[in-house]
Amino acid sequence: MSEPPRFRSCGEAAGRLWIAIAALCFSPLSHGADWPQWRGPDESGMAREPVAPNSDIEILWDSRIGKGFSGVSVANGLAYTMGSDGSEETVWCFDADSGELRWKDSYSAALLPNLHEGGPASSPTITGDRLFTMSKDGLASCYEAQSGASIWKKNLGRPPEWGFSGSPYLFQSGEVLFEVGATVSLRRKDGELSWKSSAFKPGYGSPIRFDFAEKPYLAVLKNDELVILDSKGKTIAKHPWKTAFATNATTPIVAGEFIFVSTGYARGCVLLRFTGSSLKEVYQNEAMSNHMNNSVLIDGYLYGFDGTAHRGPSTQFA
């Protein structure tokens, strides 16, 4: 068994958290690396470009895209994102350097403004010449990335209370995954079903792949539990993880056989070890509650934002 990551707080024993909030200054970079999916090219949530300290921020271009919380994904000189005008969602494609509109596609979609502004919350995903998106109310779409030509669209089901927000996830060759309670694998070329996991109460984060004993697995935070799936969607292990107000909205962080989960409303965090058939708890505490912003793991230390709009009734889950 490998050593667990050093999730710890400064001055405390191993097995705790070192919590840091970094203030970053950004300067325009003319040719940064592509960012083709949620949490970046290597799924770490980290940009690798050097940034000079105390750099000025210069706005090169901007555009009104509507309401929503979709991230911006960038590949091959194009920037993609999503927004809503209240009754329709739009997938936008801009020239990343100039901001020139290259194409857009609009379709009917519910705003779902439940205690927030509403609108799409999933980030586009690009691979090769294909772009994949997920609407707030369950429409999975595939486009030709350069032209915006529609290749296929699939309605994947009724949205949960806060709408779907997990991003399309590239898994095995030729597969793209969507989180709709069940984890659904569609063929990239035509949108036909490859496999579908058991149904769970939908969470609001995205899955992540990891390898164990030379086999691929998925870690997926549903709304009541962390679930480990094999490469065909079979449930291998589960660990209960409920949050006040039913808002598990983060992506698990995997380091070797260790899996870290953190959620909001003072629920806190847990570090688990995957054995190949079960999940064993290493520790659990309330020192890091990521509401919607994932932490970032750097050299065995976890950096993230702890806190929510209000703390919520955490003791019921202890």
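Visitor: How many disulfides does the structure hold?

Guide: One looks for pairs of cysteine sulfur atoms within 2.5 Å. In this predicted model, the structure holds zero disulfides.

Visitor: Are C93 and C269 buried or exposed?

Guide: A residue is called buried when its relative accessible area is under 20%. C93 counts as buried because its relative accessibility is 0%. C269 is likewise buried, its relative accessible area being 0%.

Visitor: What share of the residues in the protein is buried?

Guide: Of the 318 residues, 50% are buried. The accessible surface of the protein is about 15,100 Å², and carbon and sulfur atoms contribute 51% of that area.

Visitor: How many helices and strands are there?

Guide: The protein has 22 strands and zero helices. Among contacts with a separation of 6 or more, 51% link residues 24 or more positions apart.

Visitor: Which residues have the most contacts inside the largest nonpolar core?

Guide: Such a core is a set of buried nonpolar residues joined through side-chain atoms within 4.5 Å. The largest one here has 24 residues, and L218, L226, I228, I259, F274 and L279 have the most contacts inside it. At least two residues of this core come from each of strand 13 (208-212), strand 14 (215-221), strand 15 (225-230), strand 18 (258-263) and strand 19 (268-274). Strand 14 gives the most, with five residues.

Visitor: Which residues is L226 in contact with, leaving aside its neighbours within four places in sequence?

Guide: With those neighbours set aside, the contacts of L226 include A219, V220, L221, W241, I259, V261, L272 and L279.

Technical notes
Residues numbered from 1 in each chain as written. Predicted model: local features only at pLDDT ≥ 70, side-chain atom pairs only at ≥ 80, totals over all residues. Heavy atoms only, no water. Helix = DSSP H or I, 4+ residues; strand = E, 2+ residues; numbered from the N terminus. Buried < 20%, exposed > 50% of the residue type's maximum accessible area, 1.4 Å probe, protein only. Contact = heavy atoms within 4.5 Å. Areas by Shrake-Rupley, 256 points an atom, 1.4 Å probe, with all protein chains shown as cover.
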